[in-house]
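Okay, everyone, thanks for coming.

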Amino acid sequence: MASFNNPEEIIYHYKIILNKTKKKLFRKLNTLEPSDQFAKLANFCQKNDKHDYAALCWQAVAKCEESMGHDCEQALAHQKAARQFFSEFKKTESSGLISPYNENLQAGLSEMRHAEDSWQGNSFENILKTSIRLETAETLVCLGKLDDAAFIGSSMIDVPHESHTLKLAILEQITSIQILSEDYEGALLTFTEIANTISCINNETIGIYNDILFRCEISRVFLLLILKPTRQKMPSDLASVLEKYMWINGNFDSPVPYISDIMFRLLRSLVKAYQLGETTCLGTIESDFTPHLTSEQRHLLAVLINTLT
């Protein structure tokens, strides 16, 4: 790929390839060569931080692949175009040049929808669509568009799920969005749905979900202490989450198979400090917890400690 010194040269080269494409389409000939040339131009633009031009090139690749009936390549090209539009949006936002219409953001979302449509009729359609929406939601979170991310997250629930693993991945993504949006009640309900989903899985295979149950348990304890629900308003399944960590319980070893003894004792210490209103030990508890927590859980613990002090 030749080097281009300015956008005008990129556009000129783009038009040369486009003219070849029009001639081939008119003659009903193979558009593989123009597709390859657009892809090379897109990669050049990406490497040189020209994301908007790269996005246009990937859109052109998608059209070429569509004309050849290559659904997979078409979908992937749409996704690559979307990623470049999102990158351009992020670059523009960071520079302070904010558009009131968010053209690049909307263009990226549109390309993701086109990617979904490209998988229509595929035997793995639901899995692939969900994968695209997961990526879209995660990207929107990174861009700070939490309302849009929450909308995409909720839309994933409507897609049929062939596996528990896929459903759990979706629910975990939704909890991340809810926590970032400070929707702690919603996050608590979703974590409970995760626990209930796993409880319905065949007992012979449930062990492979222990890591998810562990993350779910820790987060639910933190959220319950943050929300401070009264026992009268707390459902029995949530009340039982806290009860095993109550300091009046004489157990010192973890009664939960997926919670280590160390984590069990740390959770008991935290719940005890909460019950007694003891704040002087919270700093020590937090430092002991930190190596065992995800970044999301560390955030929840910081919120909890802030409410207690």
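So, which helix does D36 lie in? D36 lies in helix α2, residues 32–47. Helices here are DSSP runs of H or I with at least four residues, strands are runs of E with at least two, and both are numbered from the N terminus.

Before going further, the ground rules. This is a predicted model, so local features need pLDDT of at least 70 and side-chain atom pairs count only at pLDDT 80 or more, while totals for chains, interfaces and linings use all residues. Residues are numbered from 1 along each chain as its sequence is written, and side-chain values use heavy atoms, with hydrogens and water left out.

On confidence, pLDDT is the predictor's own score for each residue, from 0 to 100. The protein averages 85, and 88% of the residues score at least 70. Among the elements, helix α1 (residues 7–26) has the lowest mean pLDDT, 71, and helix α5 (residues 103–118) has the highest, 95.

Now the overall picture. The protein has 14 helices and zero strands, which reads along the sequence as α-α-α-α-α-α-α-α-α-α-α-α-α-α. Of its 309 residues, 43% are buried; buried is under 20% relative accessible area, exposed is over 50%, and partly exposed is in between, using a 1.4 Å probe and protein chains only. The accessible surface comes to about 16500 Å², and carbon and sulfur atoms own 53% of that. Those areas are Shrake-Rupley with a 1.4 Å probe, and for residues only the protein chains shown count as cover.

Contacts next, meaning heavy atoms within 4.5 Å. If you take the contacts with a separation of 6 or more, 56% of them are between residues 24 or more positions apart.

D36 and C64 are 28 residues apart in sequence, and their C-alpha atoms are 9.3 Å apart in space.

Then A62, found in helix α3 (residues 51–67). A62 counts as buried because its relative accessible area is 1%. Leaving out residues up to four places away in sequence, A62 touches Q74, A77 and H78.

D71 sits in helix α4. With a relative accessible area of 41%, D71 is partly exposed. Its C-alpha is 6.7 Å from that of W119, 48 residues away along the chain.

And I174, in helix α8 (residues 164–180). I174 is at 13% relative accessibility, so it counts as buried. Not counting residues up to four places away in sequence, I174 touches G153, I157 and T190. The C-alpha atoms of I174 and A149 are separated by 8.7 Å, and the two residues are 25 apart along the chain.

Most residues other than glycine have a negative phi. Where do we find a positive one? N102 has a phi near 50° without being a glycine, and N102 lies in the loop between α4 (71–95) and α5. E182 is not a glycine either, yet it has a positive phi of about 60°, and its place is the loop between α8 and α9. Buried or exposed, N102? At 18% relative accessibility, N102 counts as buried, whereas E182 is at 59% and counts as exposed.

How big is the volume of the largest pocket? It is about 220 Å³. Of the 12 residues lining the largest pocket, L188, L189, L227, P235 and L238 are the closest to its centre. Grid points are joined across faces, edges and corners, and the volume is the space filled by probe spheres set on the points.

Which helices supply the lining of the largest pocket? α9 (184–199), α10 (210–227) and α11 (236–243) each supply at least two residues, and α9 gives the most, with four. By class, the lining has eight nonpolar, one polar and three charged residues. Here Ala, Val, Leu, Ile, Met, Phe, Trp, Tyr, Cys and Pro count as nonpolar, Asp, Glu, Lys and Arg as charged, and the others, Gly among them, as polar.

That's my tour, over to you.

Definitions and conventions: On a 1 Å grid over the protein atoms alone, a cavity is a set of points where a 1.4 Å probe fits but cannot get out, and a pocket is an open set with protein on both sides within 12 Å along at least five of seven lines; lining residues have an atom within 4 Å of a point.
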